[in-house]
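Dear colleague,

Please find below the structure that I am handing over to you.

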Amino acid sequence: MKSVVKTFSLQTKQDLEIINITEIVKEAVASAGLTIGTVHIMTKHTTSGITVNEGLPDIEKDLLEMLERLAPRKHDYHHARFLHSDGQMAVNGYSHLRSALLGKDTFFPLHDGKMVMGSRQTIYFVELDGPLYREFVVHVLGE
Amino acid sequence: MIDIHQHPLHIKEVVDQDPALEKAVKNVYGVYSSPHSLESHFSQMDAAGIEKAVIMPIDCTTAHGCKLVTNEQISWLMEKSSRFIGFASVDPRSPDALVELEKAVKEFGLQGLKLDPSLQQFDITNKDYCYPIYQLCSELDIPIFFHCGMSWSPIGQAVLAHPLMLEKVIQDFPKLKVVISQFAWPWVYEAFMLGIKYKNVYFDTSILFSGSPSDSVRQVLDGQIGLKNLERSLCEQIVFGSNTPRVDPKRLVWAIQDLHLNPALESNIFHANAANLLKLDRRNDG
């Protein structure tokens, strides 16, 4: 069994932003050179998410608006104070909760050298507290 | 929108130029997260709607043997982007302070002076070393941005930054424009008193003590001072300041917007007051 891990970076531009990373992931899988196994895509941050949905602008907008409804910016969060370990204000409780709702990762099967995906499935990196420099990893595990 | 209070000590391109800076940012200023790129910095300004930002160093040579960004680095950043407006810093206890300040203004084009008595550890009222600096700022017609009130630096001493110590300075230099950071929290009423009495006293909005910026800004501006008093007495004396990198600047923008001020006052805070203070419109680059 082989394990290939590739790290990709993004400079996000908005506070809340949904970025299609499907082609980046497919290219990473192709360059890994494996034929069967599993593809794991994971964000390295706690205020971003990875999700899969239909690649339509209205779905993207609905998804972001849902996150704003479920974890609104204006609320009495406990995570709203000076964070001594950073020396900065930690006031993004809603971003962490939105990340918890989305999850940090997703998986796809790898078969005949390709990811097994539904025709409408699109892989997204979701920025939840941008703009920031971000990284996600693609882990291809198999033979 | 103009942000009058940013410290570029967390910008990677600046930190990479100066190996001692990264250590000083941690040990003296007290920010421990990783620096971010200039591109990321501008993206944060864009997302917040900030067009221009005042960037300021802090010269702590006597107190701590370091400079939290130099005047030269501020000048370098200004060359990188016209979105940056540079302020200088000098060590008040240095015998070269006056020469350095004059050079920073006349040679580098810096447009104000930043002083942080809590971190630079000097006496605001000292007539031997501070008054000549105040005199030069009056003659050069540049504002002084004073850190007042609590310092988040682990070695900052708030007692040196009490706003009441400024009153005699303001009286002795009636033409000097003085900007008080964060309404000098926790000494808000004392700072407010200075603002209603002296028209050459300004305040920035970087009120960050607990809760979200929206919570802390509302507690001070609405709960303690009162929004009506802002409109009546300070409408031309409040300037938007974020104190980046202590906080992402978008959060201070939201904090002001969340107050639902009358549009004229909000516009003054976000642009007009700082443009007047910095004479941007008169310089034709505002």
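I begin in chain B, with Ala191(B), which touches Cys148(B), Pro163(B), Ile180(B), Phe183(B), Ala184(B) and Phe203(B), leaving out residues up to four places away in sequence. Contact here requires that the C-beta atoms of two residues, placed from the backbone, lie within 7 Å. Ala191(B) and Ile180(B) touch the most other members of the largest nonpolar core, which has 93 residues. Apart from that core lies another of 21 residues, including Leu10(A), Val25(A), Ile50(A) and Val138(A). A nonpolar core is a set of buried Ala, Val, Leu, Ile, Met, Phe, Trp, Tyr and Cys residues joined through C-beta atoms within 7 Å. A residue is buried if 20 or more other C-beta atoms lie within 10 Å of its own, exposed if 12 or fewer, and partly exposed in between, with C-beta atoms placed from the backbone.

Two remarks on the basis of this account are in order. The model is predicted, and local features need pLDDT of at least 70, side-chain atom pairs count only at pLDDT 80 or more, while totals for chains, interfaces and linings use all residues. Residues are numbered from 1 along each chain as its sequence is written, and chains are lettered from A and ligands numbered from 1 in the order in which they are written.

Chain B as a whole

Chain B contains 15 helices and 10 strands; these are DSSP runs numbered from the N terminus, helices being H or I of at least four residues and strands E of at least two. Its radius of gyration, taken over C-alpha atoms, is 17 Å, close to the 19 Å that the globule rule gives for 286 residues, so chain B is as compact as a globular protein of that length. The globule rule is 2.2 Å times the number of residues to the power 0.38. Along the principal axes, the C-alpha atoms of chain B fill a box of roughly 45 × 40 × 40 Å. Of its 286 residues, 52% count as buried. Among contacts in chain B with a separation of 6 or more, 76% are between residues 24 or more positions apart.

An open sheet of 5 strands in chain B has the order β6-β7-β8-β9-β10, with parallel pairing. Two strands pair if DSSP finds at least two bridges between them. The edges are β6 (113–115) and β10 (238–239) of chain B, each with a single partner strand, so one side of each has no neighbour in the sheet. Within this sheet, β7 (residues 144–146) and β8 (residues 178–180) of chain B run parallel and are joined by 3 bridges. Phe145(B) stands opposite Val179(B) in β8(B).

His10(B) belongs to the loop between β1 (2–6) and α1 (12–17) of chain B. Why does His10(B) count as buried? The reason is that 24 other C-beta atoms lie within 10 Å. Neighbours within four places in sequence aside, His10(B) is in contact with Val25(B), Val31(B), Pro35(B), His36(B) and Pro245(B).

Chain A as a whole

Chain A has 3 helices and 10 strands, which run β-β-α-β-β-α-β-β-α-β-β-β-β from the N terminus on. The C-alpha atoms of chain A fill a box of roughly 50 × 35 × 20 Å along the principal axes. Of its 143 residues, 33% count as buried.

In chain A, 3 strands form an open sheet in the order β2-β9-β4, with antiparallel pairing. Its edge strands are β2 (17–20) and β4 (48–54) of chain A, each of which pairs on one side only. β2(A) pairs with β9 (residues 121–127) of chain A over 4 bridges; here Glu17(A) stands opposite Glu127(A), and Ile19(A) opposite Phe125(A). β4(A) is joined to β9(A) by 7 bridges, with Gly49(A) opposite Val126(A). β9(A) is mostly covered, as 5 of its 7 residues are buried.

Where the chains meet

The contact between the chains takes 23 residues from chain B and 17 residues from chain A. On the side of chain B that touches chain A, the elements giving two or more residues are α3 (38–48), α11 (213–225) and α13 (249–257) of chain B. Of these, α3(B) gives the most, with 5 residues. By class, that side of chain B has 8 nonpolar, 10 polar and 5 charged residues. Ala, Val, Leu, Ile, Met, Phe, Trp, Tyr, Cys and Pro count as nonpolar, Asp, Glu, Lys and Arg as charged, and the others, Gly among them, as polar.

With kind regards
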